[in-house]
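Hi,

Here is the structure I promised to send over. Have a look at it first, and then read my notes below.

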Amino acid sequence: MVIQEITAHPGARGQLIAGLQDILPLAVGVAVYGLAFGLLAAQAQMSGVQTGVMGTIVFAGSSQIIAVERLAAGASAGAALLAGLALNLRLLLITASLRDELAGRPWWQILLGVHLATDENWALMHAKRARGKSVGYWYLVGGGLGLVAVWVVATVAGASFATAVPEPRALGMDFAFTAAFIAILRSLWSGSAMLLPWGGSVAIVLLAGLLTPLDPTWTLILGGLGGAAIAGVLNNE
């Protein structure tokens, strides 16, 4: 259906290709933490095939990382799923902002656009528009297709490589996971206005972890909700 659509509309084909080309520099960063996620998935006893299937179906890097990290730490599947969902609640707002791009499209295009919407291609589409470029749905889809391809290949490679390493921690490879999260946080930082919500969120997580018997999954959720509440209060001022 995708091929028929872009063949019938040359403008769609041009935007799809432009989206694929423009996302490549950002895809390099995605590949780095894709490898880190593959390493973590292998430590959680996931095979390369399982990692690739998860990356294709879920396609939410930070949520996958936190969910698998929770599983590796011994948390239940429900707790891991909840932690992953909480971390990516922002995608509700991102997809809601695509109302104009999705309006009037067939159901499969709506599902495709929502599934492929990420921080990177969504931000890239708006950056292009800010520079006066006429880009929309197919540009977003092109960027998303590029990202999901790189993500799946990198995660499968990471999982496969990890199985050939006797002790990844001895080589310092476990730091890749920490580095990946630092990279994710860096990409989400949008200025000093984020300082109080982020600081409040960290303080809530630390206090809940030190002063309560809660599982780390719940302290992360509390921290996320607290940070969102602080941001909401500040934005209403």
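A word on confidence before the details: this is a predicted model, the mean pLDDT of the protein chain is 78, and 81% of its residues reach 70 or more. Helix 8 (residues 107-116) comes out highest, at a mean of 90, while helix 1 (residues 2-8) is lowest, at 60.

Now to Asn121, which sits in helix 9 (residues 119-130). Its relative accessible area is 2%, so Asn121 counts as buried, the cut-off being under 20%. What does its side chain do in there? A polar contact of 2.6 Å links it to the side chain of Thr118, and one of its polar side-chain atoms is 2.9 Å from the backbone oxygen of Leu116. Leaving aside residues up to four places away in sequence, Asn121 touches Ile23, Leu116, Leu140, Gly143, Gly144 and Leu147.

You'll find it in helix 2 (residues 10-43), and it is buried, with a relative accessible area of 0%. Ile23 and Glu120 are 97 residues apart along the chain, yet their C-alpha atoms are separated by 7.8 Å. With residues up to four places away in sequence again left out, Ile23 touches Glu120, Asn121, Leu124, Gly143, Gly146 and Leu147. Gly143 and Leu147 therefore turn up as contacts of both Asn121 and Ile23.

On to the aromatics. A search of the whole structure gives one aromatic pair. The ring centres of Tyr137 and Trp138 are 5.0 Å apart and the planes are at 85°, so this is an edge-to-face pair. Both residues are buried.

Last, helix 12 (residues 195-211). Which of its residues are buried? Pro197, Gly200, Ser201 and Ala208 are. They cover an arc of only 100° around the axis, so they lie on the same side of helix 12. As background, an α-helix has 3.6 residues a turn, so residues three or four places apart point the same way. The face turned away from the buried side of helix 12 carries the exposed residues Leu195, Leu206, Leu207 and Leu210.

Cheers

Key:
Residues are numbered from 1 along each chain as its sequence is written. This is a predicted model: local features need pLDDT of at least 70, side-chain atom pairs count only at pLDDT 80 or more; totals for chains, interfaces and linings use all residues. Side-chain values use heavy atoms; hydrogens and water are left out. Buried means under 20% relative accessible area, exposed over 50%, partly exposed in between (1.4 Å probe, protein chains only). Helices (H or I, at least four residues) and strands (E, at least two) are DSSP runs, numbered from the N terminus. The arc is that of the directions from the helix axis to the C-beta atoms. A polar contact is a pair of N or O atoms within 3.5 Å; within protein, one must be able to donate a hydrogen and the other to accept it, and residues adjacent in sequence count only if both atoms are side-chain atoms. Contact means heavy atoms within 4.5 Å. Rings of Phe, Tyr and Trp (its six-membered ring) pair if their centres lie within 6.5 Å; planes under 30 degrees apart count as stacked, over 60 as edge-to-face and the rest as tilted. pLDDT is the predictor's confidence in each residue, from 0 to 100.
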